[in-house]
Amino acid sequence: MKKLLALTLAAATTIGASSAFAARDSISIVGSSTVFPFSKVVAERFGKATKFKAPTVESTGTGGGFKNFCSGVGANSPDMSNASRRIKAAEFEMCQANGVTDIVEVLIGYDGIVIANSIKTKAMMLTSKDLFLALAKQVPNPDGTATTIANPYKTWKDVNPTLPATAIEVLGPPPTSGTRDAFVELAMEGGCKKFGWIKELKSSDKNHYKEICHIMREDGPFIEAGENDNLIVQKLDANPNALGIFGFSFLDQNSDKVQAAHIDGEAPTFETIADGSYPVSRPLYFYVKKQHVGLIPGIAEYLAEFTSEKAWGDEGYLTEKGMIPLNSAKRKKIGAAVKNLEVLKSL
Amino acid sequence: MNKSSPDTSTSNGLSHSDLAAAMERNLKRRYRSERRFKAFGIASIGVGLLALLVLFTEIIGTGMGAFRQTYVTLEVTYDTEVLGIEAVTPESLALANFDGIVRRALLNQLPEVTGRTAKRQLYALISYAAGYQLRAMLEQDPSLLGETRKVTMLADDDLDTYVKSVRADDPFIGRLSEPQVEWINQLEAQGLVELKFNTNFFTSGDSSEPEQAGILGAVMGSLFTLIVTLALSFPIGVAAAIYLEEYASRNRFTDFIEVNINNLAAVPSVIFGLLGLAIFLNFFHFPRSVPLVGGLVLTLMTLPTIIISSRAAIKSVPPSIREAALGMGASKMQMILQHVLPLAMPGMLTGAIIGMAQALGETAPLLMIGMVAFIADVPGGITDPATVLPVQIFLWADSPERAFVERTSAAIMVLLAFLITMNTMAIWLRKRLERRW
């Protein structure tokens, strides 16, 4: 009898507890670690300035964020997902299949990826072609034929005679990182495409094209240094011959230790990244579940805060954190679309 | 042995003096190897201590700075015109431009600053928390409206880092521009910049601005999580240990359970996180990021530790105590509750505290259930979103802002202080309550 009582009690608490949780009173945000610092500033200011609770922001990575975001509708799934790339068709379909049909897409700004070295040495003047030749696993045969050989280059001078004769040593993020994806797609592929015959492959043999352009060398000169960008900065400080790949905001904060290499003649600054002349930059997004507006308090107000001039404007507090703002025409257009909660129809 | 002729050879061809010498050598060698053996032990301890010393000096060296924070004192006028309000009401406070009066105060102090860009750079020297501070002051004392007061306000993290680096004779300018450095030096020359104890660090939750960030949110989160863990794992663990030690007969089934408990104790903690995600979030639909779920997951993780140490404690109670109690006519339950448990309690508590200390340091299982998150509000209960101390350390270590470096080390110091307290308590309890037979 007692046992039965205890069992019912346990069951009752569980049910009671889970139904009590059905109503969540703070916004839940997941997704990209690149957007994380921007998202949390807005969350914090929003919590301070309004009567709503500050949103919870998790840094799960872009892919992990969409997996969670698209798992369903209701208080147990996140309301927003941050992304350092646009949502993929497969992810969009997964969302639709799980009932997440009304998604609002918000492009918030840009992020630059820099390749930097210690200020104890001279800044590097690189081109994306140099980067590709120095870091790819397979490089075009120097004899000019349309074949590849295993990367033979040991020093920067081997790659390009105008560069110093120091050994190639580049610290970068592992393949799970969004920074790595963007670096490969923008810098490596950018340099790869400079070879005419490889560029032609893109339409004829896409897999082979990707194989040449996207695979980083594994024989030592490229070192996977983990996801922590601060660690890469410290290592560069200790080793003046090494270069490191990380996000623009870390360059901004550590200007006393590291300097950025120029890529294709452009140094990464707010201006060159915003106008697109610096080649290695990527768009930053977040996605909102329209079905949660009204269900979870504060979503509309949070969106208003994020898309206000004082946040994402040219001189807004997000630029303080290293986000590169959109131009004002784009801000106006996207701001209006967000206000009307325009749903993403298809990709 | 032949005493009369010491020179006669022994059976193996050695004289007695040779034998004595050989034994002497042998003895010396044995002493030497004894000393070496001891030296190895001392060296190992030395290496351990050295590592600890390096860790502590490194952490304390970087972390001490975080306990002091730079403040700037300015004459602030609660000007109705700048604030844009006529009277102090809840509605007007929400709309009032408090940043405006902070900016006006800065400009009054440094009147030579003109131009939009220069002014913007000047305004960036004070943390945006100052506006909220002034708002709270006016809310508390509405008569301040129109008055001028000296107010000590939080400085921005860039200014804070610069001032600290100058005082440490290693100026770090970082993101500051040349005029900004000039203005700071002027303010400093007027005696308006001071370093004070950083109470904020102990009284506020996380923030993306280093100067406003504190560990209270993480400490409370850890506390709530550990309360849930202790409340569940201790009774369950002790009950399981009592059954296995006092009631269960030894057969294949109990052997099987024992093997599994020992196995569970060695399972990587991230697996418990996955289990928690599947059971508590996906099946029971508990919310993400709450200490209740964190505590449940850590309960699963610490249970084996508590069961194993409780069983050892029960086993160490001599059988004579049990036999005496039963002989006096106590029932088995009375024997266990009144005699065995009190005697085994110190060992059980020690096990529980060590289990809790282990749980306090975990991040991996919490990753899966959403407790690795930025949460600005200090949690008020086990169902409020929260994070825990080691997660806070991880999040700060990953932040680009320079001022978070010292705060990371300071948070590590706080975590270490908790761990040392808990482990000392475990040793003290054992020394204090342990009975020997």
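**Exercise 1. Which residue of S13(A) is the bridge partner of Met80(A)?**

Before the solution, a note on the model and its numbering. The model is a predicted one, in which local features need pLDDT of at least 70 and side-chain atom pairs count only at pLDDT 80 or more, while totals for chains, interfaces and linings use all residues. Residues are numbered from 1 along each chain as its sequence is written, and chains are lettered from A and ligands numbered from 1 in the order in which they are written.

Step 1. Strands (E, at least two residues) and helices (H or I, at least four) are DSSP runs, numbered from the N terminus; two strands pair if DSSP finds at least two bridges between them.

Step 2. Strand S3 (residues 80–83) of chain A is joined by four bridges to strand S13 (residues 281–289) of chain A, and the two run antiparallel. The partner of Met80(A) in S13(A) is Val288(A).

Step 3. S3(A) is also joined by three bridges to strand S1 (residues 28–31) of chain A, this time in a parallel arrangement, and here Val30(A) has Ser81(A) as its bridge partner.

**Exercise 2. Find which way the residues of S3(A) point, and state whether they are buried or exposed.**

Step 1. A residue is buried if 20 or more other C-beta atoms lie within 10 Å of its own, exposed if 12 or fewer, and partly exposed in between, with C-beta atoms placed from the backbone.

Step 2. In a regular strand the side chains alternate between the two faces of the sheet.

Step 3. In S3(A), Met80(A) and Asn82(A) point one way, whereas Ser81(A) and Ala83(A) point the other way, and all are buried.

**Exercise 3. Describe the largest nonpolar core and the surroundings of Tyr287(A).**

Step 1. A nonpolar core is a set of buried Ala, Val, Leu, Ile, Met, Phe, Trp, Tyr and Cys residues joined through C-beta atoms within 7 Å.

Step 2. The largest such core has 154 residues, and those with the most contacts inside it are Met188(A), Phe286(A), Tyr287(A) and Val288(A). The element that gives the most to this core is helix H13 (residues 291–315) of chain B, with 12 residues. Apart from it lies another core, of 28 residues, which includes Val76(B) and Leu154(B).

Step 3. Two residues are in contact if their C-beta atoms, placed from the backbone, lie within 7 Å. Leaving aside residues up to four places away in sequence, Tyr287(A) touches residues including Phe69(A), Ile87(A) and Ile103(A), and also Met80(A), Ser81(A) and Ala83(A).

**Exercise 4. Why is chain B described as more spread out than a compact globule?**

Step 1. Chain B has 18 helices and four strands.

Step 2. The radius of gyration is taken over C-alpha atoms, and the globule rule is 2.2 Å times the number of residues to the power 0.38. For the 437 residues of chain B this rule gives 22 Å, but the radius of gyration is 33 Å, well over that value, so the chain is more spread out than a compact globule.

Step 3. Along its principal axes the C-alpha trace of chain B spans about 115 × 70 × 40 Å, and buried residues make up 38% of the chain.

Step 4. An automatic or database domain assignment supplies the domain bounds, and it divides chain B into domain 1 (66–198) and domain 2 (216–433). Their centres, taken over C-alpha atoms, are separated by 46 Å, and six residues of domain 1 of chain B are in contact with seven residues of domain 2 of chain B.
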